[in-house]
Amino acid sequence: MTTLTLARQLLDSTRRHVERSDDPYVISRFGDLQIRVDVAAALLERAETHPSPVARAEAQIAAAEALIAASNTEFELTGQRSELPSSLDNPLRHTYHAVGNYHLNGVH
Amino acid sequence: MSAHPLHPAHIIRSDAEAIEVATRLAERFAVGASERDRERRLPVAELDEFSASGLWGITVPKAYGGAEVSYVTVAEVIKLISAADPSLGQIPQNHLGVVDLLLHTASEEQKRYYFGKILAGYRFGNAFSEAKSKNAGTFDTQIRIDGDSAQINGEKFYCTGALFAHLVPTVGNNEHGQALIAFVERDAPGLSVIDSWDGFGQRTTASGGVTLDGVTVPLSAVIPAHLAFDRPTANGPISQIIQAAVDTGIAVGALEQAKLHARQARPWIDSQQEHGWQDPFTIAAIGDLAWRVHGTEAILAKAGLAVDRALAEPNEDSVAQASLVVAQAKVLSAETALLASSKLFELAGTRSVTGKYNLDRFWRNARTHTLHDPARWKYHLIGNFVLNGVKPARHAWN
């Protein structure tokens with residue numbers, strides 16, 4: 001399962017758990033998460049229509065950040081945290097470096 | 001400023017031509033942007049060049065002789081200009097909103113007349129907001145129709161573009177509390193445009209005051225603007241996408257400067273590197289800024305498509321969808337512009353705060369322009385639809 005699909009699922013299951021709310025802070029958390037998921041989807045689409053290693057890396061970062069935010073929101077609003085696959089094999093911090101090295105130094 | 005343009009405008013024929021013209025103009029506008037900001041020198045000559053280029057007429061419908069470009073293109077044009085000089089990017093904001101209001105609420109005769117003026121190079125300013133009314137959506141200004149003319153009395157503020165305009169669209173209520181717009185000629189008796197904008201950002205927008213003291217216009221110069229919100233139209237999302245495009249442009253400009261100046265920074269003593277651009281933390285921070293700016297641009301383009309759909313088929317669902325995607329663009333552009341314009345100093349080091357670079361203009365512009373409407377309520381707008389299925393309220397700020 002892709003990181004973005006997982007983020008979407010967590011957003012959806014958290015939404016179903018909460019059902020509805022009039023609390024402006026709870027409502028806004030869903031707004032924040034939806035933006036993170038949609039920006040990751042938009043960058044993934046861009047990486048597919050204009051493929052390049054750096055475009056793919058940017059989409060990966062966006063999806064990973066959406067997933068972390070979704071997981072935190074799940075814990076905050078439901079008291080539970082779904083287990084996530086380990087990212088140790090593909091550490092995100094080096095993806096930031098790859099993207100930055102391309103944009104700052106022109107290194108592919 | 002006279003009520004007529006000096007030269008007739010070029011007419012742009014396609015989306016591609018609009019992007020090409022904007023790219024060329026942005027290069028020219030970038031050259032003097034810092035000096036104009038520093039000296040608060042109003043961009044009179046630049047605006048003449050901007051509107052004569054035809055870019056102020058690209059949203060005029062094809063049926064009236066315009067290019068009727070996609071809002072993906074409109075957003076890209078405003079982004080390109082704003083990356084060079086966001087004051088120049090902001091000035092046509094209300095003009096473009098008014099073009100759409102005419103489309104939705106003007107009579108056939110009015111459309112022919114005003115769309116013709118726009119294609120000829122006339123610039124609309126605005127006298128919409130009021131600093132003293134209860135909130136952004138309420139107006140104390142009155143437009144009273146009497147026979148075949150209308151009289152306007154009131155006091156306006158945040159009137160971006162009015163000082164440079166040929167026509168000043170002015171919002172006021174009729175006796176039933178419905179919002180009308182009167183098109184007032186720039187040299188009309190009773191209309192005073194005051195150069196009173198002294199904000200620390202967007203310094204050359206001349207977003208100051210307008211007073212209307214017994215201004216009289218013919219009835220043919222009045223449109224029932226309230227109709228654009230009584231029923232679902234794309235007008236709210238159109239106003240907002242232009243706002244988001246200005247802020248996206250600021251973010252793009254700030255990222256470019258961050259890269260340029262970070263490349264020139266000295267290596268930090270603990271980094272054991274020869275050059276600042278080898279600093280692993282700087283590199284990762286540029287990576288973080290870059291994906292955020294590109295994500296913002298990608299969502300801005302999505303918002304343009306959603307606006308196009310709402311224009312093609314205006315209904316409750318298409319307009320709500322446009323508001324939702326444009327709200328995402330607003331949130332992302334505001335946050336990214338503020339982040340990039342602040343981070344650039346962190347990555348470029350102390351030498352970057354020297355006055356000669358005037359790099360603080362990016363943050364001053366971002367902070368000022370993003371205050372137009374608060375991002376905190378956009379999270380709420382989106383969340384309320386996601387969680388509760390509630391569609392966004394329809395007004396000029398959604």
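**Figure 1. Packing of helices α8 and α9 in chain B of the predicted model.** Helix α8 (residues 235-263) of chain B packs against helix α9 (residues 280-312) of chain B at an angle of about 160 degrees, and their axes lie 10 Å apart. Since angles over 145 degrees count as roughly antiparallel, α8(B) and α9(B) are therefore roughly antiparallel to each other. The crossing in which α8(B) passes α9(B) is left-handed.

**Figure 2. Residues in the contact between α8(B) and α9(B).** On α8(B), the contributing residues include B:Ile241, B:Ala244, B:Ala245, B:Thr248, B:Val252 and B:Leu255, while those of α9(B) include B:Ile286, B:Leu289, B:Val293, B:Thr296, B:Glu297 and B:Leu300. Sorted by class, the contact of α8(B) with α9(B) comprises 18 nonpolar, four polar and two charged residues.

**Figure 3. Helix α2 of chain A.** Helix α2(A) is mostly covered, with 19 of its 26 residues buried.

**Figure 4. The side of chain A that touches chain B.** Here 30 residues of chain A are in contact with 30 residues of chain B. On the chain A side, α1 (3-18), α2, α3 (53-78) and α4 (92-105) each supply at least two residues, and the largest share, 14 residues, comes from α2(A). By class, this side of chain A has 13 nonpolar, nine polar and eight charged residues.

Methods:
Residues are numbered from 1 along each chain as its sequence is written. Chains are lettered from A and ligands numbered from 1 in the order in which they are written. This is a predicted model: local features need pLDDT of at least 70, side-chain atom pairs count only at pLDDT 80 or more; totals for chains, interfaces and linings use all residues. Helices (H or I, at least four residues) and strands (E, at least two) are DSSP runs, numbered from the N terminus. The expected span of a helix is 1.5 Å times one less than its number of residues. A residue is buried if 20 or more other C-beta atoms lie within 10 Å of its own, exposed if 12 or fewer, and partly exposed in between; C-beta atoms are placed from the backbone. Axes are lines fitted to C-alpha atoms, for helices over the stretch in contact, and angles run from 0 to 180 degrees between N-to-C directions. Angles under 35 degrees count as roughly parallel, over 145 as roughly antiparallel, 65 to 115 as roughly perpendicular and the rest as oblique. A crossing is left-handed if the near helix is turned anticlockwise from the far one by less than a right angle, and right-handed if clockwise. Two residues are in contact if their C-beta atoms, placed from the backbone, lie within 7 Å. Ala, Val, Leu, Ile, Met, Phe, Trp, Tyr, Cys and Pro count as nonpolar, Asp, Glu, Lys and Arg as charged, and the others, Gly among them, as polar.
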